[in-house]
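Dear colleague,

My findings follow directly after it, arranged by topic.

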Amino acid sequence: MNEKKFNVLKKNFFYIESYGCQMNISDNEIVISILLNNGFFLTENLKIANIILLNSCSIRSKVELAIKNRLQKLKYLKKEKPILFGILGCLSNSMKKNFLDNNLINFTIGPDSYKKIPSIIRLSMKGEKISHIFSSKKETYNNIKPFRKKNKITAFLSITRGCDNMCTFCIVPFTRGREISRDPYSIIKECETLYKKGFKEVTLLGQNVDSYVWFGSDGLKKRIYKKIYTENKKIIDFSKLLDLLAIEIPFMRIRFSTSNPHDMSNKVIEVISKHSNICKHIHLPVQSGSDKILKLMNRKYTRKQYLSLIQKIKSIIPECSISHDIMTGFCNEDEKDHQETISLMNEVKYNYGYMFSYSPRPGTYSYNKLKDNVPEFIKKKRLQEIIDLQRDHSIFQMKKYIGKIQEVLIEGESKKNNQYWYGKNTQNIVIVFPKKTYKIGETVFIKIMDYTSATLMGIGIEKK
Ligand code: 5AD
Ligand code: SF4
């Protein structure tokens with residue numbers, strides 16, 4: 001395509017697709033809002049769009065490959081009309097280089113540069129190829145009202161950006177930069193607005209929500225926090241933020257993700273237990289059950305510490321569900337380490353989890369300094385073993401709900417049967433039940449009659 005033919009004065013429609021985590025979905029809403037406020041129009045139709053944005057993720061090579069394949073599939077559009085392709089979000093170094101050398105791509109924009117999107121698009125329309133990927137010490141987008149689809153009742157809201165943890169396998173600290181917390185008052189205000197608009201549930205997002213911290217001005221980081229913690233009584237940490245939100249918006253369900261075993265405090269567990277509107281579910285990635293591997297991963301906790309945290313959660317909030325992320329086949333993982341992961345899973349019996357096999361990411365410590373020395377077939381075998389074990393544990397946990405009555409917030413129509421609603425209980429378990437006269441957004445009482453490893457099935461009953 002000849003970029004000069006791009007008609008800058010024409011109505012410009014953008015189409016956006018998102019890959020990866022909830023944070024990317026939340027970022028999409030910020031990007032859409034910025035573009036709508038700058039004269040661009042959103043479309044869900046590729047044929048209409050003259051700007052195509054892919055919000056990328058580089059956490060594992062499989063996800064990166066999926067985006068590259070998607071681009072190849074969309075390539076034909078460029079033959080039909082003048083069209084711009086932009087890659088947003090978490091771009092690994094190899095991705096950045098690859099995309100800049102790629103004739104298909106007009107611009108790449110990192111997660112901290114979204115406010116520049118309108119001007120970058122306009123320059124691209126004139127034929128410039130642009131890459132804007134800088135990490136910011138301040139940007140939290142707290143003055144942007146995210147675009148949220150109408151008639152939805154659950155929303156994501158980012159409370160921190162970036163990560164300071166430096167797990168050796170993880171690309172996030174490089175693609176999303178150092179950790180920044182967002183002004184708590186803007187978070188509370190946004191939650192209040194969401195509630196007034198009819199939202200019934202908000203999920204607070206951060207790579208590590210437990211290290212949320214605010215001292216009264218923009219973008220300060222954990223390092224500084226540690227220095228002045230003892231002197232500054234006005235600090236708002238994650239437990240305080242949860243407490244404030246639960247009190248200010250008492251009828252809003254509050255969820256959060258992701259928790260970090262190293263940073264989760266007793267105070268957080270106590271606040272969750274204290275408020276009925278804070279959901280009783282904690283996503284607590286463990287990654288491995290072996291101390292040797294946890295150390296190589298720089299996870300900063302031991303198996304014993306992790307298990308004692310689980311004990312603490314269970315004793316303070318007995319009804320709390322717990323989910324995990326586990327990675328198999330990390331550098332130097334042997335059969336004994338793998339068995340330690342299995343035994344940890346047997347001890348915790350998680351409600352559900354997300355499981356991956358290690359994929360070395362260029363630029364990370366493990367890529368540079370450690371050997372990816374577990375053969376692919378062993379990684380796969382171990383992954384399958386933990387997936388099968390998790391399935392058994394999920395079934396074990398789901399069985400316990402039979403005959404019990406659950407309070408369910410209705411989110412939408414079941415994908416499998418349009419006569420059924422689906423919703424979630426406080427433990428984040430999906431529950432499906434006949435629609436009756438219920439409506440989306442209502443909280444109803446469901447008696448559980450059946451289960452699969454991922455879903456509970458029941459019938460609505462009258463409130464007692
Ligand atoms: N390879 C495989 N899995 C990874 N994760 C993060 N980085 C990698 C990697 N290089 C997984 C971790 C993390 C989740 C979001 O993705 O389990 O908790
Ligand atoms: Fe990555 Fe570790 Fe930060 Fe999670 S806590 S985003 S795994 S560096």
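The largest cavity in this predicted model holds about 70 Å³ of space. Its lining consists of 13 residues, and those nearest the centre of the cavity are Ser26, Ile30, Pro146, Ser158 and Arg182. Two elements, helix H1 (22–36) and strand E7 (154–158), each contribute at least two residues to this lining. By class, the lining of the largest cavity comprises six nonpolar, three polar and four charged residues.

How many cavities of 30 Å³ or more does a search of the whole structure find? The search finds two. The second largest cavity contains about 30 Å³ of space. Around this second largest cavity are Thr140, Ser158, Ile159, Thr160, Arg161, Ile180 and Arg182. These lining residues fall into two nonpolar, three polar and two charged.

Two packed helices are described by the angle between their axes and the distance between the axes. For H1 and helix H5 (residues 117–125), the angle is about 65 degrees and the axes are 9 Å apart. H1 is therefore roughly perpendicular to H5. On the H1 side, Val31, Ile34 and Leu35 meet Ile117, Pro118 and Ile121 of H5. This contact of H1 with H5 has six nonpolar residues, with no polar and no charged ones.

From H13, the contact is made by Glu335, His338, Gln339, Thr341, Ile342, Met345, Asn346 and Val348. The partners in H15 are Lys381, Arg382, Glu385, Ile386, Leu389, Gln390, His393 and Gln397. Five residues of the contact of H13 with H15 are nonpolar, seven are polar and four are charged.

Which residues surround ligand 2? The shell is made up of Cys163, Asn165, Met166, Cys167, Phe169, Cys170, Val172, Pro173, Gln207, Asn260 and Arg299. Of the residues in this shell around ligand 2, seven are nonpolar, three are polar and one is charged.

Finally, two details of the backbone deserve a mention. The peptide bond that runs from serine 257 to threonine 258 is cis, and its omega is near 10 degrees. Threonine 258 belongs to the loop between strand E13 (253–257) and helix H10 (266–274). The other detail concerns glutamine 287, which is not a glycine and yet has a positive phi of about 75 degrees. Glutamine 287 is located in the loop that lies between strand E14 (281–283) and helix H11 (291–296).

With kind regards

Notes: Residues numbered from 1 in each chain as written. Chains lettered and ligands numbered in written order. Predicted model: local features only at pLDDT ≥ 70, side-chain atom pairs only at ≥ 80, totals over all residues. Heavy atoms only, no water. Contact = heavy atoms within 4.5 Å. Helix = DSSP H or I, 4+ residues; strand = E, 2+ residues; numbered from the N terminus. Nonpolar A, V, L, I, M, F, W, Y, C, P; charged D, E, K, R; others polar. 1 Å grid on protein atoms, 1.4 Å probe; cavity = no way out; pocket = protein on both sides within 12 Å on 5 of 7 lines; lining within 4 Å. Points joined across faces, edges and corners; volume = space filled by probe spheres on them. Near = heavy atom within 4 Å. Axes fitted to C-alpha atoms, helices over the stretch in contact; angles between N-to-C directions. Parallel < 35°, antiparallel > 145°, perpendicular 65-115°, else oblique.
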